[in-house]
Amino acid sequence: MLLITCPVTHTDELVAERRVRSVTNHPTHVAMEVECPCGQLHVYRTGRRWEEARARVAARAAEAPVPA
Ligand SMILES: [Zn+2]
């Protein structure tokens with residue numbers, strides 16, 4: 001499930017993953033098209049947070065000692 005904020009009704013909506021129409025990777029962000037309960041398609045860009053999370057995971061992996 002995903003929590004989105006509908007730009008039309010300004011309410012938080014829980015939507016199922018199958019409502020995600022498409023996910024497009026861009027160099028700076030990820031664009032996600034979500035079918036909202038309001039009946040419209042909204043595009044959410046999850047770029048910076050996604051990049052930061054990825055960088056954190058990569059940094060952690062680099063720091064972690066290699067298991068013997
Ligand atoms: Zn909506």
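Modeller: Two strands pair if DSSP finds at least two bridges between them; a strand is a DSSP run of E, at least two residues, numbered from the N terminus. Take N25, which stands opposite V30 in β4.

Colleague: What kind of model is this, and how are its residues numbered?

Modeller: It is a predicted model: local features need pLDDT of at least 70, side-chain atom pairs count only at pLDDT 80 or more, and totals for chains, interfaces and linings use all residues. Residues are numbered from 1 along each chain as its sequence is written, and side-chain values use heavy atoms, leaving out hydrogens and water.

Colleague: How do you know that β3 and β4 pair?

Modeller: Five bridges join β3 (residues 20–25) to β4, and the strands run antiparallel. The rule asks for at least two, so they pair. A hairpin of four residues connects them.

Colleague: What about β4 and β5?

Modeller: Five bridges again, antiparallel. E35 stands opposite L41 in β5. Their hairpin has five residues between the strands, and G39 there takes a positive phi near 100 degrees.

Colleague: Which atoms count as donors to the zinc ion?

Modeller: C6 (SG), C36 (SG), C38 (SG) and H42 (NE2), at 2.0 to 2.4 Å. Donors are N, O and S atoms within 2.8 Å of the metal (3.2 Å for Na, K and Ca), so these four qualify. Water is not among the atoms, so sites may look incomplete. In sequence, the donor residues follow C-x29-C-x1-C-x3-H. C6 lies in the loop between β1 (2–5) and β2 (12–15), C38 in the loop between β4 (30–35) and β5 (41–45), 32 residues apart.

Colleague: Why is the site called tetrahedral?

Modeller: The angles among the four donor atoms are 105 to 113 degrees.

Colleague: What makes up the largest nonpolar core?

Modeller: Eight residues: I4, C6, V15, V20, M32, V34, C36 and Y44. The term means buried Ala, Val, Leu, Ile, Met, Phe, Trp, Tyr and Cys joined through side-chain atoms within 4.5 Å. Leaving aside neighbours within four places in sequence, C36 contacts (heavy atoms within 4.5 Å) I4, C6, E13 and H42.

Technical notes: Tetrahedral: all angles 85-135°; square planar, octahedral: opposite > 155°, others 65-115°. Buried < 20%, exposed > 50% of the residue type's maximum accessible area, 1.4 Å probe, protein only.
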